[in-house]
Amino acid sequence: MNIIGIDFEDWFHPHLIKKHLTNEKKIPRIIDGIDKILELLRKTDTIATFFVVGELIEFRPEILDKILKNDHEIAFHSMYHDSLTESNEEKFNIEIEKFAKLTGKRSKGFRAPSFSLNYSTSWAINVLEKNDYEYDSSIVPAKTSMYGITNAQKEPYRISSEIIEKNNPSAKIIEYPLAVTNILGKKIPSCGGFYLRTLPMKVSKDTIKRYESNNVPATYYVHSWELTPELMPDISLPKKDHFITFHNIRKTFDRMNEILQNFEFTSFEKYQKSL
Ligand SMILES: [Zn+2]
């Protein structure tokens, strides 16, 4: 069994867009794509975890009801999609408490915006523990230009603020690292999102098969805006940022559908309960 998290955010949240915005009005649009995403999950008989950016629930409270009514789970993806590197323990605690109020304390899991959990931001683990969180999924065990903890363990493990890349038996929070693969001796992420859009489908499928044969869950993510590119405004960005954000974006939905048709995925809490 594998694990799927939908990073539910709007067009102005991705870091590579956010950093170029100046006075544009941040009117949510992607939020309207929730029914399309729920339908994809229903058709593929998949229960998922929605890592939601909290301000979207403030804006449109019914998205929480829709997620829960369809038996999916809610988890925390920060209040405003600020990277942990721009935050601190106190600020993060205020955000997590705000999200708890918005969701009736239903969230048990966290994913850091832009996978920004590293040794300089690992204080976040302490805040998660203090707020009775059970799991985190912010570690990518391969180095990329934006994030990644190269030597992190590939199997789920207990994570602490002191040791973020391998098991600490006395730690409380379970880390679900994102799936990675090897190409020509180099470790690269193969966990959905940009990688699902960019890598050949065979590589994506072989990654999941390899995790399954090792009895380790392949932890996958996909952004709400990647599944609803028709709602995405055409934003002019520098070439590299544009490539990372938009490359093959119109292929994501069909590819994700194919992955969910061919492999079994479930939510984080359902996976934890199955152990
Ligand atoms: Zn995000």
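**The zinc site and its surroundings**

Author: Along the sequence, the donor residues of the zinc ion follow the spacing E-x67-H-x3-H; donors are N, O and S atoms within 2.8 Å of the metal (3.2 Å for Na, K and Ca), and sites may look incomplete since water is not among the atoms. This is a predicted model, in which local features need pLDDT of at least 70 and side-chain atom pairs pLDDT 80 or more, while totals for chains, interfaces and linings use all residues. Residues are numbered from 1 along each chain as its sequence is written, and side-chain values use heavy atoms, without hydrogens or water.

The protein donors are E9 through OE, and H77 and H81 through NE2, at 2.0 to 2.2 Å from the zinc ion. E9 belongs to the loop between β1 (2-8) and α1 (15-18) and H77 to the loop between β3 (73-76) and α5, so this pair ties together parts 68 residues apart in sequence. Helices (H or I, at least four residues) and strands (E, at least two) are DSSP runs, numbered from the N terminus. Both E9 and H77 are buried, that is, under 20% relative accessible area with a 1.4 Å probe, protein chains only.

From α5 (residues 89-103), the account passes to α6 (residues 123-130). E89, F92, N93 and I96 of α5 meet residues of α6, among them W123, A124 and V127. Apart from neighbours within four places in sequence, F92 has contacts (heavy atoms within 4.5 Å) that include F76, L84 and F110.

Notes
Axes are lines fitted to C-alpha atoms, for helices over the stretch in contact, and angles run from 0 to 180 degrees between N-to-C directions. Buried means under 20% relative accessible area, exposed over 50%, partly exposed in between (1.4 Å probe, protein chains only).
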